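Here is a friendly walk through one model, meant to be read with the structure open beside you.

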Amino acid sequence: MPISATQAWAEAAASAPKDEVMLITIELIHPVFVENGAPAPIRAVRNTVDMSFRLEDGAPVGGGTVVPFKAIPFEIDYPRIGNLGAEATIRLDNVNREASRYLGEAVKLNTPIQAIFRGYLASDPNTVGQGPYKLILRNVKRTARQLEGQLAIARPQNMRVMREVYDMVRFPSLLAVS
């Protein structure tokens with residue numbers, strides 16, 4: 001998956017000043033995550049306090065608007081090869097309050113939970129600096145303390161593998177007829 005980043009994100013990641021914090025968010029979307037007839041995704045930021053961020057214009061729910069993200073600790077294991085290709089285990093702590101009202105119904109449907117990762121600079125909560133990366137969350141298990149599941153690439157067939165465009169102007173010998 002090609003990695004895209006804004007100039008501000010790239011500079012912050014490269015120089016990593018101690019006063020600039022990069023915040024990672026996750027948004028979980030499923031058809032049963034509904035409140036008062038409207039979609040109600042679970043949004044978490046890897047931070048110690050709740051924050052609000054502006055979503056990109058093309059976001060599936062609330063595109064272009066500023067939305068709240070709850071401070072929920074989460075961790076992701078290093079990816080490994082699984083049933084759907086590259087998979088990674090994700091664990092979210094203390095989400096029973098947020099997820100318990102949805103998970104029972106979500107498990108009954110044969111629709112995976114969509115997981116969207118975004119990165120923001122703490123100094124610029126209005127710009128998605130990294131991502132969005134769309135994955136699916138499957139095999140979700142809930143314990144008393146945490147939610148655990150497997151992340152996989154949502155549509156691996158749509159991934160761009162080669163970044164170079166091979167055209168006749170730049171690569172005439174590749175397209176020559178013998």
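What follows covers the strand pairing, the nonpolar cores, an arginine and some backbone details in this predicted model.

**Strands side by side**

With β10 (residues 113–121), β1 runs antiparallel, and eight bridges join the two. With β4 (residues 42–45), the pairing is again in the antiparallel sense, over four bridges.

β10 is mostly covered too: eight of its nine residues are buried. Besides its bridges to β1, β10 is joined by six bridges to β11 (residues 130–142), and these two strands also run antiparallel.

| Strand pair and its bridges | Bridge partners |
|---|---|
| β1 and β10, eight bridges | M22 and L121 |
| β1 and β10, eight bridges | T25 and R118 |
| β1 and β4, four bridges | L28 and I42 |
| β10 and β11, six bridges | A115 and L135 |

As a reminder while you look at side chains, those in a regular strand alternate between the two faces of the sheet.

**The nonpolar cores**

Which residues touch the most other members of the largest nonpolar core? They are I26, L28, I90 and F117, in a core of 20 residues. The elements that give two or more residues to this core are β1, β4, β9, α2 (96–108), β10, β11 and β12 (146–153). A second, separate core has 10 residues, among them L23, M51, F53 and L55.

Not counting residues up to four places away in sequence, L28 touches F33, P41, I42, I113, Q114, A115 and L137. One of these, I42, is also the bridge partner of L28 in β4.

**An arginine in β9**

R91 lies in β9, which covers residues 85–93. Is R91 buried or exposed? The cut-off for buried is under 20% relative accessible area, and R91 has 15% relative accessibility, so R91 counts as buried. Its side chain makes a polar contact with the side chain of D77, at 2.6 Å. Leaving aside neighbours within four places in sequence, R91 is in contact with P73, F74, E75, D77, Q146, L147 and E148.

**Backbone details**

Most residues other than glycine have a negative phi, and most peptide bonds are trans. With that in mind, here are some places to check in the backbone.

The peptide bond from G131 to P132 is cis, with omega near 5 degrees. P132 is placed in strand β11.

N139 is in strand β11 as well. Phi of N139 is near 50 degrees, a positive value in a residue other than glycine. With a relative accessible area of 47%, N139 is partly exposed.

Where is N36 placed? N36 is in the loop between β2 (34–35) and β3 (38–39). N36 is another residue other than glycine with a positive phi, here near 55 degrees. Exposed means over 50% relative accessible area; N36 has 83% relative accessibility and therefore counts as exposed.

Key. Residues are numbered from 1 along each chain as its sequence is written. This is a predicted model: local features need pLDDT of at least 70, side-chain atom pairs count only at pLDDT 80 or more; totals for chains, interfaces and linings use all residues. Side-chain values use heavy atoms; hydrogens and water are left out. Two strands pair if DSSP finds at least two bridges between them. Buried means under 20% relative accessible area, exposed over 50%, partly exposed in between (1.4 Å probe, protein chains only). A polar contact is a pair of N or O atoms within 3.5 Å; within protein, one must be able to donate a hydrogen and the other to accept it, and residues adjacent in sequence count only if both atoms are side-chain atoms. Contact means heavy atoms within 4.5 Å. A nonpolar core is a set of buried Ala, Val, Leu, Ile, Met, Phe, Trp, Tyr and Cys residues joined through side-chain atoms within 4.5 Å.
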